[in-house]
Amino acid sequence: MKLISAVVLLTAGLTVAGCAATGGYKKRSDLVSDPAACADKRFEVYFTPDRATLTDAARQAIGMTATQLQGCQIKHVKVTGLADARSGTAAANLTISEQRARAVAEALAGAGLPAPAFDIEAAGAEGALVGGVNDPLRRRTEVLIEVAAPR
C-alpha cells in the first residue's frame with residue numbers, strides 16, 4: 001500500500017513540475033495549427049473490390065474537402081481512377097477505373113467544385129503495379145486539387 005501511495009505522489013509531483021516548467025497549460029491554438037484553407041489538397045478515395053460506388057467515408061472526405069475550399073479559387077482538379085490487377089481483364093480494369101474517377105468527380109462537382117476545372121484519368125490495371133508488384137490498395141481514386149488565393 002505504501003508503494004502505491006509513493007508512486008501516486010511521485011506521478012502527481014512530476015505532473016505539477018512539468019506544468020510549472022512550461023508556464024502552465026497553453027491554449028489549443030498555440031499547440032495545434034489549422035491547415036491553410038486555400039491550399040492545395042490531395043487525398044484518396046478507396047473502393048470495395050469490383051465496385052465504383054462511393055462509400056460513406058468517401059462522401060465524408062469529399063464533403064470535408066469541399067467545405068475547406070469554400071471561398072477559394074479552384075485552378076485545377078485531377079482525378080485518377082485506379083484498379084486492382086488481381087482480377088478482371090485489362091479492359092474491365094480500365095472501365096472500372098474510369099467509373100471510379102467519374103463517381104468521385106461527380107461528387108466533387110456536386111459538392112460545389114467547378115466542373116470545368118476537372119481532369120479525369122483512368123490507369124486501369126497498369127495503375128495497380130508498383131515496382132512490378134500488384135498493390136491491392138490500388139482500388140482507389142487519387143484526387144489532387146490545385147488552389148489559388150481566396151476569391
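Visitor: Which side chains does a polar contact of 2.6 Å join?
Guide: Those of R140 and E142. A polar contact is a pair of N or O atoms within 3.5 Å; within protein, one must be able to donate a hydrogen and the other to accept it, and residues adjacent in sequence count only if both atoms are side-chain atoms. This is a predicted model: local features need pLDDT of at least 70, side-chain atom pairs count only at pLDDT 80 or more, and totals for chains, interfaces and linings use all residues. Residues are numbered from 1 along each chain as its sequence is written, and side-chain values use heavy atoms, with hydrogens and water left out.

Visitor: What else does the R140 side chain make a polar contact with?
Guide: The side chain of E44, at 3.3 Å.

Visitor: Is R140 buried or exposed?
Guide: R140 counts as buried because its relative accessibility is 7%. Buried means under 20% relative accessible area, exposed over 50%, partly exposed in between (1.4 Å probe, protein chains only).

Visitor: Where is E146 found?
Guide: In strand 6. Strands (E, at least two residues) and helices (H or I, at least four) are DSSP runs, numbered from the N terminus. E146 has 29% relative accessibility, so it counts as partly exposed.

Visitor: How many residues does the largest nonpolar core have?
Guide: It has 23, and V77 and I145 are among those with the most contacts inside it. Such a core is a set of buried Ala, Val, Leu, Ile, Met, Phe, Trp, Tyr and Cys residues joined through side-chain atoms within 4.5 Å. Helix 4 gives the largest share, 5 residues.
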